[in-house]
Amino acid sequence: MTNFDMDNTQIPAICGGQSVRDVKIYYGRQWINEDDVKAVSETLLSDYITCGPKVDELEHRLEKFTGAKHAIVCTNDTSALHIACVAAGVGPGDEVITTPLTFMASANCALYCGAKPVFADIREDTYNIDPDSIEQHITEHTKAIVAVDYTGQVVEVERIRALCDKYHLVFIEDAAHSIGSKYNGTPVGTLADMTCFSFHPVKTITSGEGGAIVTNNDEYARKLNLLRSHGMEHDHSKFVTPADEDNGGAWYYEQQMIGFNYRMTDFQAALLISQMNRIDSFIARRKAIVKRYNEAFADVPEIIVQKEIPQSDTSRHLYELRLDLSKLKCTRREFFDAMSAENVQCQVHYIPVYWMPVYKELGYERGLCPVAEKVYGSIMSIPLYPKLTDDEVGDVIKAVLKLVNWYKK
Ligand SMILES: *Cc1c(COP(=O)(O)O)cnc(C)c1O
């Protein structure tokens with residue numbers, strides 16, 4: 001998943017002539033500056049390096065940014081999704097509906113709780129989970145929906161909310177891609193019952209590893225706070241057993257749930273606060289690059305541009321180049337390799353989750369979600385990150401158009 005686990009060997013251009021670029025660029029990367037470094041080093045030399053004031057400050061920043069009442073930061077989005085499922089009451093015998101076109105963590109969170117992930121298919125135009133398919137998969141065991149804002153585009157919120165109301169389901173939004181996106185003007189963070197973010201280096205803002213859950217629900221927030229740190233309560237007013245009864249003093253604490261250690265450190269929080277100071281410019285830059293790609297590819301018949309629904313004001317994390325393979329003489333694999341040879345290192349997001357051997361062993365079979373499988377077979381993520389220069393964007397476009405010309409029928 002990182003941009004560093006790919007090889008950087010120079011291969012000659014597959015599609016004739018010289019490679020468009022001399023130096024390889026990757027599909028995503030972080031942007032750390034001197035302010036970030038300063039924020040981290042100051043925090044490292046302070047009294048608290050974990051569970052301190054920077055974590056509190058970050059939570060307030062996230063509440064302000066998203067408009068949500070509560071933010072709970074944690075180690076990563078994987079742990080955020082896990083405790084969101086626990087707080088939602090997901091357990092053995094339950095089913096959780098999600099999309100197959102996502103990072104495996106969106107489905108694994110159900111497995112962590114002993115529940116069964118159920119895959120609904122996606123829409124062929126937006127690549128987001130299809131509410132019609134969700135409804136077809138709802139059973140008496142369905143407990144929650146983990147809806148992923150794929151590429152940053154917000155899922156169809158009203159329709160998913162209506163299903164959750166009708167069937168009494170918890171709406172969890174995996175917003176790993178979509179911090180800063182809005183739906184009908186409302187920021188991601190208050191659309192679902194719980195919204196989970198990732199701060200991995202390829203995401204919009206980063207703390208190295210990091211995650212958060214935001215919610216307007218007091219009860220979920222209380223549980224999430226406990227679950228993040230061993231299920232441990234320190235607030236005497238919330239004790240199940242009064243401290244006096246156990247001869248307890250100021251040291252007294254009690255474990256009220258089976259929780260985890262999913263705490264974020266203060267120096268990571270400091271890094272993220274510093275990154276949040278620049279989030280608006282990061283998002284603006286991402287949008288500008290998306291606009292250039294869309295314009296460059298709009299009239300290329302061999303390329304299918306992802307549909308954007310008007311409700312979503314999208315802070316885009318990924319740009320999906322989708323090939324119309326019926327108009328090309330190559331496979332997706334050949335196109336991907338040829339892009340590498342032009343020194344534009346793409347990635348594919350994502351292999352359908354249920355294709356993974358672990359899921360196969362659990363009884364999931366190929367063919368379950370035909371649309372997701374079809375889309376998976378024709379996409380690749382091309383470079384999109386704020387530090388990408390205009391020249392580099394131009395090179396990516398040049399490489400794509402060169403290959404389309406080379407391979408077109
Ligand atoms: C990155 C990502 C995750 C996992 O995030 P981590 O912070 O690395 O745990 C989960 N879901 C989606 C959709 C992602 O893109």
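**Putting values against definitions**

User: What makes D337 count as partly exposed?

Analyst: D337 has a relative accessible area of 27%. Buried means under 20%, exposed means over 50%, and partly exposed is in between (1.4 Å probe, protein chains only), so D337 is partly exposed at 27%. Before we go on, this is a predicted model, where local features need pLDDT of at least 70, side-chain atom pairs count only at pLDDT 80 or more, and totals for chains, interfaces and linings use all residues. Residues are numbered from 1 along each chain as its sequence is written, and side-chain values use heavy atoms, with hydrogens and water left out.

User: Why do we say that D337 and R333 form a salt bridge?

Analyst: The rule asks for a side-chain nitrogen of Lys or Arg within 4 Å of a carboxyl oxygen of Asp or Glu. For D337 and R333 the N to O distance is 2.9 Å, so the pair passes. The two residues are four apart in helix α10 (residues 332-341), which is about one helical turn. An α-helix has 3.6 residues a turn, so residues three or four places apart point the same way. As for R333, its relative accessible area is 59%, so it counts as exposed.

User: How do you know that K398 and D395 make a salt bridge too?

Analyst: Their closest N and O atoms are 3.9 Å apart, so they fall within the cut-off. K398 and D395 sit three residues apart in helix α13 (residues 390-407), and D395 is buried at 15% relative accessibility. Elsewhere, shared partners link R123, D125, E156 and K307 into one salt-bridge network. In total the structure holds 25 salt bridges.

User: What makes D125 and K307 a salt bridge?

Analyst: Their closest N and O atoms are 3.7 Å apart, so that pair passes as well.

User: Where do the domain limits lie, and how do you know?

Analyst: Domain 1 covers 34-276 and domain 2 covers 279-407; those bounds come from an automatic or database domain assignment. The contact (heavy atoms within 4.5 Å) takes 40 residues from domain 1 and 39 residues from domain 2.

User: What does the area buried between domain 1 and domain 2 come to?

Analyst: About 3,500 Å², with carbon and sulfur atoms giving 60% of it. That's the accessible area (1.4 Å probe) the two parts lose on being put together, summed over both. On the domain 1 side, F119, Y127 and T151 supply 18% of the area buried against domain 2, more than any other three residues.

User: Why is α4 called mostly covered?

Analyst: Six of its eight residues are buried, namely A105, S106, A107, N108, C109 and A110. After α4 comes G114, with a positive phi near 80°.
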